Amino acid sequence: GALAREAQPFLDTHALILDDPELRGGLIDLIRKGRYRAGAALVAQRDRLIEVFRRMDDAYLRAREDDLAQVIARVLDALEHDGRSEERRMAARLGEILVAENPSPAELASLAERGLCGVMATGGSAYSHAAILARSLHLPMLCSVQDAETVLGDGDLLLLDGEGGFAIAHPAAQDLATLRQWQRAQAARPRVAPVPAAPARTRDHEQVALYANAELPGEIAEARALGAMGVGLYRTELLYLRQSALPGEEEQYAALRGLMLALDGAPATLRTLDLGADKAIGTGLAMPTEANPALGVRGVRHALRHPAILRTQLRAMLRAAQLGPLRILLPMVTVAEEIAAVRAHAAECLAELHAAGVPAPATLPPLGAMVEVPAAALGVRTLLHEADFLAIGSNDLAQYVLAADRNLGTLAGLYDPRHPALLRLIAFVTSAARRAGKPLSICGEIAGDVTALPLLLAVGIRELSMLPARLPAARAVVETAHCAQLRAHLPRLLRAGSRAEIEALLCTLQQP
Ligand code: PEP
Ligand code: MG
């Protein structure tokens with residue numbers, strides 16, 4: 001009783017602080033407009049108010065800083081405990097399939113770690129970052145299954161065939177028997193012998209370099225076994241999506257060291273952080289709320305507005321350059337100045353590492369730009385003054401050229417990286433890079449699309465980076481192709497006015 005009486009004034013003060021409109025209003029703003037998580041908003045608002053207290057003349061009021069810190073610590077503690085039970089509730093059990101409208105890449109990454117075995121999305125498209133990540137994780141995923149949520153309930157049995165692109169709700173005994181038969185056949189398949197890492201050769205002896213888009217340790221091993229010459233696109237977002245705090249330099253370096261050692265001397269192209277649009281949710285970053293996030297502060301735009309985050313990543317990459325050949329690639333470049341600005345940061349980071357005696361290369365590794373914004377493609381000559389190499393990101397280039405959101409299943413009929421407008425741009429960029437004598441690759445999903453490969457070879461692409469599992473089929477297509485013959489069709493390809501014409505041309509190209 002006595003203790004309670006003594007504690008009461010403190011508790012009253014704490015309750016008063018919690019009710020303070022300044023605190024609550026700021027918190028609500030951070031969460032609603034700034035898209036902060038509750039915990040991050042509490043910390044940001046606490047720091048903001050503590051600054052205000054510190055500037056006060058009255059010593060008594062200045063001391064209220066401690067009360068504020070205590071109250072917020074208690075709320076954070078309660079949040080964390082509640083968060084844990086929430087996490088448990090969300091935890092997927094082994095063998096569960098997630099049915100959701102549009103799961104984010106961050107959700108998929110964490111659910112896959114907990115044993116999720118498949119995803120059925122009622123929205124989305126195969127070109128979304130979530131779908132790309134699902135393929136990396138070997139997580140079967142179907143997109144745009146419109147009535148999934150009405151047909152299925154929690155705990156229902158669902159059979160999902162990611163390769164065939166279909167699902168069976170409430171499967172019958174016969175369906176399950178067929179599945180088991182398929183599983184046995186898969187398990188009994190002879191292991192393919194590792195393919196040596198070498199370029200594929202066309203029938204007329206042109207070399208085509210095949211690289212992998214890979215970031216998970218298993219994927220890197222798979223890429224090596226399937227003959228990838230290295231990693232052509234290492235997306236660094238995964239490390240950020242998996243946790244609510246930003247990864248520090250050491251954590252990033254440890255991940256990159258794993259990559260470089262697994263590559264055993266083969267080259268890697270490391271892309272700096274490409275958060276924003278559909279990849280922002282679930283990270284420790286407070287991303288601004290934007291009406292058009294695909295046209296907003298993402299990729300290098302975000303990096304240059306948050307130099308501390310960029311520099312932490314650059315330092316880790318520069319240190320990893322001691323372990324094998326690597327290049328640094330910038331996403332969402334629009335103008336050459338962005339490359340120059342990152343180069344200046346990288347040069348300063350390198351000087352800092354040298355000054356601190358941290359092992360780092362003597363000079364900067366090659367710094368390149370993704371070509372995924374139409375202005376970058378059309379202005380490629382200017383970009384080539386600043387970039388040491390280029391990588392065409394056809395996934396985003398297609399969405400910006402066609403003004404069709406890559407995540408929107410309803411626009412799947414319009415969104416097509418094989419659209420003639422896109423092929424003309426790819427041809428333009430490819431010939432500009434060749435004239436400038438700078439390396440160019442393509443690393444969007446089209447690079448691993450065997451039906452589109454003849455088009456890419458015809459426009460002059462000689463370096464492809466794709467999902468590891470697609471390497472064998474791509475190699476087979478390259479080996480049966482004849483570049484000179486394909487090139488002969490280039491004028492017709494560049495004149496094509498519709499996708500139907502491209503399809504007709506592809507039929508001609510595929511004739512032996
Ligand atoms: C692309 O846009 O084609 C690309 C490779 O980048 P991401 O898919 O990560 O946006
Ligand atoms: Mg992209």
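This is a predicted model: local features need pLDDT of at least 70, side-chain atom pairs count only at pLDDT 80 or more; totals for chains, interfaces and linings use all residues.
Residues are numbered from 1 along each chain as its sequence is written, ligands are numbered from 1 in the order in which they are written, and side-chain values use heavy atoms, without hydrogens and water.

Q: What makes the pair formed by Arg406 and ligand 1 a polar contact?
A: A polar contact is a pair of N or O atoms within 3.5 Å. A polar side-chain atom of Arg406 lies 2.8 Å from an oxygen atom of ligand 1, so the pair meets the cut-off.

Q: What makes Glu372 and Asp396 polar contacts of ligand 1?
A: The side chain of Glu372 has a polar atom 2.9 Å from a ligand 1 oxygen. For Asp396, an N or O atom of the side chain is 2.9 Å from an oxygen atom of ligand 1. Both values are within 3.5 Å, so both pairs count.

Q: How much of the accessible area of ligand 1 does the protein cover?
A: The protein covers 100% of the 290 Å² that ligand 1 has on its own, by the Shrake-Rupley method with a 1.4 Å probe.

Q: Which residue classes make up the shell around ligand 1?
A: The shell has seven charged (Asp, Glu, Lys, Arg), four nonpolar (Ala, Val, Leu, Ile, Met, Phe, Trp, Tyr, Cys, Pro) and five polar residues (the others, Gly among them).

Notes:
A polar contact is a pair of N or O atoms within 3.5 Å; within protein, one must be able to donate a hydrogen and the other to accept it, and residues adjacent in sequence count only if both atoms are side-chain atoms.
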